[in-house]
Amino acid sequence: MAKLTVNKYREYSYLQQTTAEFVSAAKLAEMFRNAGLTDVSYRQFTFGAAAFHLGTKQS
């Protein structure tokens with residue numbers, strides 16, 4: 001998209017490379033649970049491009 005819209009492929013190519021390294025929203029929720037958080041939930045936005053995770057830490 002960056003190449004087509006602003007002709008700056010090199011400036012934005014890192015985005016494609018780094019997003020391949022992200023864990024999925026479900027995997028991150030699992031990591032929250034493994035870290036001891038409870039009531040873990042998440043909501044995805046923009047067709048999964050972003051996610052909000054929430055968990056409770058027991059005191």
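**A salt bridge, a hairpin and a buried histidine**

Lys27 and Glu30 lie 3 residues apart in helix α3 (residues 25-34), so about one helical turn separates them. Helices here are DSSP runs of H or I with at least four residues, strands are runs of E with at least two, and both are numbered from the N terminus. The side chains of Lys27 and Glu30 meet in a salt bridge, with 3.8 Å from N to O. A salt bridge is defined as a side-chain nitrogen of Lys or Arg within 4 Å of a carboxyl oxygen of Asp or Glu. Side chains of opposite charge can pair when their charged atoms come close. The structure holds 1 salt bridge. Lys27 is partly exposed, at a relative accessible area of 36%, and Glu30 is also partly exposed, at 37%. In these terms, buried means under 20% relative accessible area, exposed means over 50%, and partly exposed lies in between (1.4 Å probe, protein chains only).

The model is predicted; local features need pLDDT of at least 70 and side-chain atom pairs count only at pLDDT 80 or more, while totals for chains, interfaces and linings use all residues. Residues are numbered from 1 along each chain as its sequence is written, and side-chain values use heavy atoms, with hydrogens and water left out.

The protein contains 3 helices and 2 strands, which follow the order α-α-α-β-β from the N terminus. Of its 59 residues, 8% are buried. Accessible areas were computed by the Shrake-Rupley method with a 1.4 Å probe; for residues, only the protein chains shown count as cover. Among contacts between residues at least 6 apart in sequence, 9% join residues at least 24 apart, where contact means heavy atoms within 4.5 Å.

The two strands, β1 (38-45) and β2 (residues 50-56), pair in the antiparallel sense over 6 bridges. Strands are taken to pair if DSSP finds at least two bridges between them. The hairpin of β1 and β2 has 4 residues between the strands. Thr46, in this loop, has a positive phi near 50° although the residue is not glycine. Thr46 is exposed, with a relative accessible area of 59%. Phe47 is placed in the loop between β1 and β2 as well, and its phi is also positive, near 55°. At 90% relative accessibility, Phe47 counts as exposed.

Strand β2 includes both Phe52 and His53. In a regular strand the side chains alternate between the two faces of the sheet. Phe52 belongs to a nonpolar surface patch with Phe45 and Leu54, and the three have about 300 Å² of accessible area together. Patches are made of residues with over 30% relative accessible area and no salt bridge; like charges are joined within 9 Å, and nonpolar side chains (Val, Leu, Ile, Met, Phe, Trp, Tyr) within 5 Å.

His53, by contrast, counts as buried, at 15% relative accessibility. Leaving aside neighbours within four places in sequence, His53 is in contact with Ala25, Leu28, Ala29, Phe32, Ser41 and Tyr42. A polar atom of the His53 side chain lies 2.9 Å from the backbone oxygen of Ala25.

How values were computed: Polar contact = N/O pair within 3.5 Å; in protein donor to acceptor, adjacent residues only side chain to side chain.
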